[in-house]
Amino acid sequence: MRLAVIGTGYVGLVAGAGFADFGNDVVCCDVDTKKIARLLAGEIPIYEPGLDTLVARSVKHGRLRFSSDIETSIAKAEVVFIAVGTPQSADGSADLSSVVAVAEAIGRSITGFTVVVNKSTVPIGTADRVRETIAARTTHPFAVVSNPEFLKEGDAVNDFMKPDRVIIGTDDERARAVMRHLYAPFVRTNDRLQFMEARSAELTKYAANALLATRISFMNELANLAEKVGADIEHVRRGVGSDPRIGPKFLFPGAGFGGSCFPKDIKALLHAGKVSEIPLDIVDAVDRVNARQKTVLASKIEKHFQGDVAGKTIAVWGLAFKPQTDDIREAPALVLIERLLSLGAKVVAHDPVAMDNVRALHGDKIALAPGMYEALEGADGLALVTEWHEFRTPDFARIKGQLRQPVIFDGRNVWNPGELRSMGFTYYGIGRRS
Ligand code: NAD
């Protein structure tokens, strides 16, 4: 089928490349002409494992193209995907201006029956708004589908190519048939397509993210209690996670969650509750607990140095909001760094892939080291914020030799406190026995 994917970010580029891989004729469009120019030059503007190979394969065979001519691309497409950003507005709601702008362009451009698929994460009722926006500008027939995306950055290609489920929200029979056809090769082994109306599909996306975030905040809250009462949250985590009714995922305590999705989606869900006058107390608590958790590591550092952090140098390992991505949106490391800088500390940070994004955002405010060990030279302590593979089993003897004081703040509980203490380190984790 002929597809236009509007918005070529983490979701749009992966989805466009994925659909092209299964033989569709795909054009990925974006208003960001620099991004399109880089893609046309064979560059991948984001870090996402496996995406370069997936993109290159379809580009080579002419199935995947890039364009900033959005209206022409829409005019030629049978299916148009909306995959633009829906960032947080000042009042917490999702900013739909990009989605509406694309809907307007669709209304101006379609030339025959078109299936319009919304992949962006959007408030309940947005499919209706998109439909009205398009209908006001065209006499051509079209159908709107809500098809929220569940991929996770860092493993986006796998998630997209082998989805756990595909949610398709629409009442339109023709659109259902098109979506079934498009997704059939992705769900060949068993049928993981779930059909529903658009509003349920829209809410499903928020519900999934809020539930995952709830597990994290719940464990973070218990981690703080564990620390106080002399329990070890890592034992508790394994204990509860081995119950099949609970399962082990998303129970890891740490320095708080970040990223481009959980924080803003929680705010958007809270906003929806407020507008609908339905209290969402649990979601509200998840948000507050997370904001507090992002300050925990800085508090431990302050406490260790007895409030005298000014003039100290802290090495920070990990800037991306999680491993395997260069995305730094709402990253806990940035909250930690802001706090340390405000206390007069110096920060030297290293991240395997996210340093360019930090440099673009923060300029020279933070010193960035080319390697993980270079960040340690002369530092008074090391804080681990993102558990990249290369940070998991480092050379601790080397670390000890480089740090001015052998103190480690393990914001992801990846290191063994006993081992480190026996090597002479002072070790702080999240919710572990001291
Ligand atoms: P992104 O910021 O990486 O990419 C969005 C792209 O849309 C940008 O390249 C931007 O230039 C482009 N854009 C903005 N307005 C446009 C317009 N009017 N016309 C054409 N292009 C336009 O965002 P993302 O992370 O890919 O997220 C997109 C949506 O998918 C969001 O709603 C997000 O919540 C949702 N989502 C994201 C993830 C994720 O892990 N990143 C996962 C699931 C769902």
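On one side of helix α2, Lys-34 and Leu-40 are exposed (over 50% relative accessible area, with a 1.4 Å probe and protein chains only). The model is predicted, and local features need pLDDT of at least 70, side-chain atom pairs count only at pLDDT 80 or more, while totals for chains, interfaces and linings use all residues. Residues are numbered from 1 along each chain as its sequence is written, and side-chain values use heavy atoms, with hydrogens and water left out. Helices (H or I, at least four residues) and strands (E, at least two) are DSSP runs numbered from the N terminus.

**Helix α2**

- The buried residues (under 20% relative accessible area) of α2, residues 33-40, are Lys-35, Ile-36 and Leu-39.
- These residues cover an arc of only 100° around the axis, judged by the directions from the axis to the C-beta atoms, so they lie on the same side of α2.
- Their cover includes α1 (10-21), β2 (25-29) and β3 (64-67).
- Asp-32 caps the N-terminal end of α2, with a side-chain oxygen 3.1 Å from the backbone nitrogen of Lys-34.

**Helix α15**

- Within α15, residues 355-362, the buried residues include Met-355, Val-358 and His-362.
- The buried residues of α15 line one face of the helix, because they fall within an arc of 60° when seen down its axis.
- Asp-356, Ala-360 and Leu-361 are exposed on the face turned away from the buried side of α15.
- The buried residues of α15 pack against α14 (332-342), β10 (346-350) and β11 (367-368), where contact means heavy atoms within 4.5 Å.

Methods
A polar contact is a pair of N or O atoms within 3.5 Å; within protein, one must be able to donate a hydrogen and the other to accept it, and residues adjacent in sequence count only if both atoms are side-chain atoms.
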